[in-house]
Every structure is written in structure tokens, then in C-alpha cells.
Amino acid sequence: MNKVELLSPAGNLEKLKIAIDYGADAVYGGVSHFSLRIRSGKEFDMESFKEGIDYAHARGKKVYVTINGFPFNSQLKLLKEHISQMASLEPDAFIVATPGVLKLAHQIAPHIPLHLSTQANVMNVLDAQVYYDMGARRIIAAREISLKDLQQIKAELPDLEIEVFVHGSMCFAYSGRCLISTLQSGRVPNRGSCANDCRFPYEMYAANPETGTLFKLVEDEGVGTYIMNSKDLNLASHIKEILDAGCVDSLKIEGRTKAPYYAAITAKVYRRAIDDYYAGQFDGETYQRELNTMQNRGFTDAYLINRPFEKHDTQNLDFTMMMGTHQVSGLVDESGEFFECKYKTFPGDAMELVFPEGSPVEAVENDIGRIWEEEGGWKISFKQLLAESGKVWDQVHSGNLNRFVLPAKLPPFTFFRIPATEEMGVITKC
């Protein structure tokens, strides 16, 4: 039995490395505005993306390039050059969204496998067959598709790989086909520059076109204002059901613009869920505790398991985002010898360590601080906050860009975290 692939977002080089270190089998990301996440596309250049591909390949992992925007005629020359440039980096696949780009990519780089973006909205055997005949090796199914429909596609097209989203932000529109951001701010979602207007609070008004009368529909404060705000997808507890269906080849996590902590925790949790499934030890509820540590909009299992008309909990009408159960307070750099503050740190604070499964950690105590095991987990505290420059600080806040010495070497990209409290107030990003 081939293990299902775990596919994580790579918004920049650091997040690419984090996702791989925390358990992803493959990552996806892009360079330039031909990717449907312009912001994350700008965080890569050709050199850093090549470094990411080399990092992944050296560890037996894969990198898929997002070229899933919807180009205009004026961009076609640049698109051809971009496809050729990306092909020279030897990625493991291109993710494309339109028949024309699929055909073009196949002509320019016939040796690069082609994956069809969820933006193509494949929901049935007929469409899957058309794209398969055109050369798509994999389809990333529409988010609205059911597991039963995926089983039928796999039965009729057994050589076609199927990828599904299992976690992350969802668009309230049909698989992201939205124009609200275009109309309100001129930022085109289907070209990668969505302003997330659906996450904003809105006031409701009623108008009489005959008299020109306009009046506000008053609601209880905080209720019903976020009318287009979708909850986040979370299928961790359904991984066994999905894999038992025998039709899914890749489980995909959304989130190229999310924080490094998100890249780590989602990869770690879904890696464990997949491994537990194959070991016959799957326990759906245990995975939710870690996922709840992250910022989220509330969770829903959406439509893969349930039919759309059976679901009435996919919208969060009360708020656009909430803190998770924990706050990230530090991140260890790639050398494993220093950390950067991401919230605030005082000498004596006890912080939980989060690191990739199987990483070596040893208890230690010295003049810098202490690392110890407690209740099945690891913690760290500092006796002094010694910067790399040699200066000792009495406290450190997130605006401090210095690197600080650790009591002992830790696995690269280890996170420090503390329980979130009401006094933390506003949402902070790690």
C-alpha cells in the first residue's frame, strides 16, 4: 500500500524548511504574480526557490510550483518565459488552473508533471477525464466535491492522482471564484491579490428604489455582521474515513501566507494522523488539541464528508479571527543555537518547546538557562537573556531583532509557546 502524501504550503524559504522538517512529504509555492498568492510569491526569488528545491530533494521530499493564476493576453510572453525558468529548477510538478496554461506548460516542459489546480473546479468524472486526456497527472479536487464522487473518479480513472484539501482557510465563494475584492478595492482574487473582503464586518441596509429611502437593519452587536466569513477547514478527525475510501493520493494543507508556527503545527499534526492511521492507532480527537493552539476562525469539516445542504456551521458570524489556546513566544533559528523573540520573554519564564517528531533533545542546566522534560513534553526557561552581540537584556519583546543564546543546541525551527490569556488582548502573529 502506498502511503498518502502530506502536502504543505511553502510561503517562503523558512516556511518551506519548517514544513518539511515537521513532516510534510511535499510542499507547494511559487515565484511571481503567476501564483495565486502574490504576497507569498514575492517572498521567493529564483535563487531562494532553487535553494528550497535542493533542500527538499536532499531529504527525499518534493516541491510543486504554483503557476495557477489566470493570465491575460498581455502576459502570455512573460508566462512562457516564467514556465521555462521554473522548469530549469527541476521541480517535481507544476500546478496550473486553465486548459491553455496546461497545454502551454506541457509544450515548454514536457518532462514536468502537471497538477490541475482546485481553481479548475473538477467535480465529476467527465471533467477529470478531459484534463487527464490533456496531460494532467493529478487533479486537486474542488472543495465542494464529496468523497463518494472522488471514489467514482478514481474507479474510472485509476491512474489519475487525486489531491484534496484537509485544512486551512476557505473562501465563501465557489472554490475561490470571487469578485468582491475586485469591486471594492481593485485587487483581483483570481490573479492572486485578494484583499480578503469577505472577512470584514458589514452593516446591513434596506433600500426602496421607488422612494430612495435607505435604512439600516439593526442587529445585536457582534451578531450577523461577518456574513461572508467562512470558518477554517479541519478534517484531522476524518483522516481515517478519507483514507479508508481508497481514492485520495494527497492530503493538502492551505496556508502559504500563514505564520511559520502554522506551517509547523499543521504538518506535525497531519503527519501524526497519517502515520497513526497506517499503524492502526488513529484517534481523531487527539489531533484537535494541537490544532486548537493556532489562531483560527473556528473550524468546520465542510463538504467532503457531508453534503452542502447538510451543513449549517461553515460560517463564523461573530468575528474574523481568534487566538488559539497558545501564544508563540520564540523561534529557534536554523543553526539551532539561537532564538528570536516572537512575543515577550523574561528570565524565569517557563515556555513549552515544540519541535519535529523524533528530534533529539537533552536536559541541561547552566548559567544561560534550563531545558527539562515535564509531563511528556519539554520546557525551557532562561536565567539570562544573552544576545549574540554579548549584551544581556532584562527582558525581550517581539520588536527586538537580536538573536539570543540558548542553554543548549535545539532542533532547528523549534518553537517556544505559552498558554494564551485574556490579557494578551489583540491577535498577534508569530
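User: Which strands does helix 10 lie across?

Analyst: This is a predicted model. Helix 10, residues 260-278, lies across strand 13 (326-332), strand 16 and strand 24 (415-419). Its direction is about 90 degrees to that of strand 24.

User: In what order do the strands of the open sheet come?

Analyst: Start with the general idea. Strands of a sheet pair through backbone hydrogen bonds, either parallel or antiparallel. Here eight strands form an open sheet, in the order 17-18-19-16-24-13-14-23, with antiparallel pairing. Strand 17 (364-365) and strand 23 (404-405) are at the edges. Each has a single partner strand, so one side of each lacks a neighbour in the sheet.

User: How many bridges join strand 16 to strand 19?

Analyst: Two bridges join strand 16 (residues 351-354) to strand 19 (residues 377-382), and these strands run antiparallel. Look for Glu 352: it stands opposite Lys 379 in strand 19.

User: Now helix 1. Are its residues mostly buried or exposed?

Analyst: The general idea first. An α-helix has 3.6 residues a turn, so residues three or four places apart point the same way. In helix 1 (residues 13-21), seven of the nine residues are buried, so the helix is largely enclosed by the rest of the structure. Among the buried ones are Leu 13, Leu 16 and Ile 20. Their cover includes strand 1 (5-9), strand 2 (26-29), helix 3 (46-58), helix 10 and strand 24.

User: What caps the N-terminal end of helix 1?

Analyst: Asn 12 does, with a side-chain oxygen 3.2 Å from the backbone nitrogen of Glu 14. After helix 1 comes Gly 23, with a positive phi near 125 degrees.

Technical notes:
Residues numbered from 1 in each chain as written. Predicted model: local features only at pLDDT ≥ 70, side-chain atom pairs only at ≥ 80, totals over all residues. Heavy atoms only, no water. Pairing = 2+ DSSP bridges. Helix = DSSP H or I, 4+ residues; strand = E, 2+ residues; numbered from the N terminus. Contact = heavy atoms within 4.5 Å. Axes fitted to C-alpha atoms, helices over the stretch in contact; angles between N-to-C directions. Buried < 20%, exposed > 50% of the residue type's maximum accessible area, 1.4 Å probe, protein only. Polar contact = N/O pair within 3.5 Å; in protein donor to acceptor, adjacent residues only side chain to side chain.
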